[in-house]
Amino acid sequence: MMKQCLEELVDMPKYLAVLENITFQYGWTEYAIVILPPSFPFGGMENPHVTFASPSIIVGDRSNTNVVIHEMAHSWTGNTVTCRNWDNFWLNEGYTVYL
């Protein structure tokens, strides 16, 4: 499984660089992706420094890596800059989808 994860996510540093070019330098010291057990109830969940992801994104053709890219984009729109309250949570998701 480790080999499949590494092959599936090999382009993530490139996507991080693209996001930095669109916005500004990544503000956290490092970025990691942790593939959790199948019981993880979401496709992905961003946190500063790390994205937790479901193993369902590892399918062998990189077609679900958009989940990780979306969570990675939350490093700017959700973790660095965020909405004032939950009434405006749509801003976090809206800007992240835009990126």
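Okay, a term to start with: a residue is buried under 20% relative accessible area, exposed over 50%, and partly exposed in between, using a 1.4 Å probe and protein chains only. E7, for example, is partly exposed, with a relative accessible area of 43%.

Some housekeeping. This is a predicted model, so to speak about local features we need pLDDT of at least 70, side-chain atom pairs count only at pLDDT 80 or more, and totals for chains, interfaces and linings use all residues. Residues are numbered from 1 along each chain as its sequence is written, and side-chain values use heavy atoms, with hydrogens and water left out.

How confident is the predictor? pLDDT is its confidence in each residue, from 0 to 100. The protein has a mean of 92, and 100% of its residues reach 70 or more. Helices (H or I, at least four residues) and strands (E, at least two) are DSSP runs, numbered from the N terminus. Among these elements, strand β1, residues 32-35, has the highest mean pLDDT, 96, and helix α4, residues 89-98, the lowest, 89.

Back to E7, then. Its side chain meets that of K3 in a salt bridge, 3.9 Å from N to O. By salt bridge I mean a side-chain nitrogen of Lys or Arg within 4 Å of a carboxyl oxygen of Asp or Glu. Both residues sit in helix α1, residues 2-8, and they are 4 residues apart, about one turn of the helix. K3 is exposed at 60%.

By that rule there are 3 salt bridges. D11 pairs with K14 at 3.4 Å, N to O. D11 counts as buried at 18%, while K14 is exposed at 55%. The remaining pair is R62 and D11, at 3.3 Å. That one links distant parts of the chain: R62 is in the loop between β3 and α3, D11 in the loop between α1 and α2, and they are 51 residues apart. Shared partners join D11, K14 and R62 into one network.

R62 has something else to show you: a positive phi of about 60 degrees, although it is not a glycine. Most residues other than glycine have a negative phi. H49 also has a positive phi, about 80 degrees, and is not a glycine either. You'll find H49 in the loop between β2 (44-47) and β3 (50-53), partly exposed at 29%.

H49 is also one of the residues that Y31 touches; among the others are L16, V68 and M72, not counting residues up to four places away in sequence. Contact here is heavy atoms within 4.5 Å.

Now, which residues in the largest nonpolar core touch the most other members? They're L9, L16, Y31, I57, V68 and M72, out of 14 residues. Such a core is a set of buried Ala, Val, Leu, Ile, Met, Phe, Trp, Tyr and Cys residues joined through side-chain atoms within 4.5 Å. The elements giving two or more residues to it are α2 (12-22) and α3 (66-73).

Last topic, the rings. Rings of Phe, Tyr and Trp (its six-membered ring) pair if their centres lie within 6.5 Å; planes under 30 degrees apart are stacked, over 60 edge-to-face, and the rest tilted. We have 4 aromatic pairs. F40 and F42 are edge-to-face, 5.8 Å centre to centre with 75 degrees between the planes. F40 is buried at 16%, and F42 partly exposed at 45%. Ring pairs also link Y26, Y31 and W76 into a cluster.

Note on methods: pLDDT is the predictor's confidence in each residue, from 0 to 100.
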